[in-house]
Amino acid sequence: MIETGAISMEQLNRQVSQCTHCPLWTTRTQVITGQGSLTAPLMLLGEAPGGHEDMVSGQAFTGEAGQHLEEFLQFIDIGRQEIYLTNTVKCRPTKPSPRGRYGPYSNRRPKASEIKACSHWLEQELKLVSPKIIATLGTVPLGRLLGKNIAMKDYHGRPFFSEQYQAWVFPLFHPAAIIYNRKIQPLYYADLAQLKEFIKMHL
Ligand code: SF4
């Protein structure tokens, strides 16, 4: 564990950008830090950057993830500048793939060891932003906050208060999951509608 003390987000991002705490630093093009309002009451917590973020934009939630984000924001009727966006793991996890869209690689889920290595940075972000609601996208960020492996079917659309983070955690499916599994599409949209009401009640 690295001690950073009380530092600004700018300082934190400078440190993260040079991180070599897990092997993902050897394959990344760049570290993708969090973005958005540092006083945002809503934090959107994703899994990890993808190829577009790593190789094209250098920004969180662009490319395919950006399209999901736009739809998400439209649905809950909130602007991108009003929230804070970040990922559980800050560098793109890849696996070899000759037909990869961004280089000879495709995205993969981060490993437990990578999530653990990156935990320190997320903890610092959570302290600095101190959101009232953390909306998690998929099993990786929710499992990270809970510190255990979870099944989305047991958690999605069921907000709970985290004493540790002093915030409501609102579990959502990963938006990409609804493309691969059409059966969860209505559940995903029902959860979004519930989140919209939840935000009205709590923010
Ligand atoms: S994924 Fe996180 S821990 Fe691993 S190198 Fe990147 S910033 Fe460091």
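Here are some questions and answers about how features of this predicted model get their labels.

The model is predicted, and local features need pLDDT of at least 70, while side-chain atom pairs count only at pLDDT 80 or more and totals for chains, interfaces and linings use all residues. Residues are numbered from 1 along each chain as its sequence is written, and side-chain values use heavy atoms, with hydrogens and water left out.

Q: Why is Thr136 called buried?
A: Buried means under 20% relative accessible area, exposed means over 50%, and partly exposed is in between (1.4 Å probe, protein chains only). Thr136 has 0% relative accessibility, so it counts as buried.

Q: Where is Thr136, and which residues is it in contact with?
A: Thr136 is in strand β6, residues 133-137. Strands (E, at least two residues) and helices (H or I, at least four) are DSSP runs, numbered from the N terminus. Contact means heavy atoms within 4.5 Å. Leaving aside neighbours within four places in sequence, Thr136 is in contact with Leu45, Pro141, Leu142, Leu145, Val169, Phe170, Pro171 and Leu172.

Q: What makes Glu125 buried?
A: Its relative accessible area is 3%, so Glu125 goes down as buried. This residue is found in helix α4. Apart from neighbours within four places in sequence, Glu125 is in contact with Met9, Leu12, Gly34, Met43, Tyr84, Thr86, Lys90 and Ser130. Take Gly34: Glu125 and Gly34 are 91 residues apart in sequence, yet 8.0 Å apart in space, C-alpha to C-alpha.

Q: Why is α5 described as largely enclosed by the rest of the structure?
A: Because 6 of the 8 residues of α5 are buried. Those residues are Val140, Pro141, Leu142, Gly143, Arg144 and Leu145. They pack against β2, α4, β6, β7 and β8.

Q: Which residues other than glycine have a positive phi?
A: Ser130 is one of them, with a phi of about 50°, and it sits in the loop between α4 and β6. Gln166 also has a positive phi, near 50°, and lies in the loop between β7 (160-162) and β8 (167-172).

Q: What makes a space a cavity or a pocket?
A: Rolling a probe the size of a water molecule over the atoms shows where empty space is left. On a 1 Å grid over the protein atoms alone, a cavity is a set of points where a 1.4 Å probe fits but cannot get out, while a pocket is an open set with protein on both sides within 12 Å along at least five of seven lines; lining residues have an atom within 4 Å of a point. Grid points are joined across faces, edges and corners, and a volume is the space filled by probe spheres set on the points. Here the count comes to 1 cavity of 30 Å³ or more, and the largest cavity has a volume of about 80 Å³.

Q: How do you know which space the ligand takes?
A: A molecule sits in a cavity or pocket if more than half of its atoms lie within 2 Å of its grid points. The space taken by the ligand is the largest cavity. That cavity is lined by 15 residues, with Cys19, Cys22, Arg28, Cys91 and Cys118 nearest its centre. Helix α4 (residues 112-129) gives the most to this lining, with 3 residues.

Q: How many residues line the largest pocket, and what volume does it have?
A: The largest pocket has a volume of about 960 Å³. It is lined by 39 residues, and Glu64, Asn107, His174, Ala176 and Tyr180 are the closest to its centre. The largest share of the lining, 6 residues, comes from α3.
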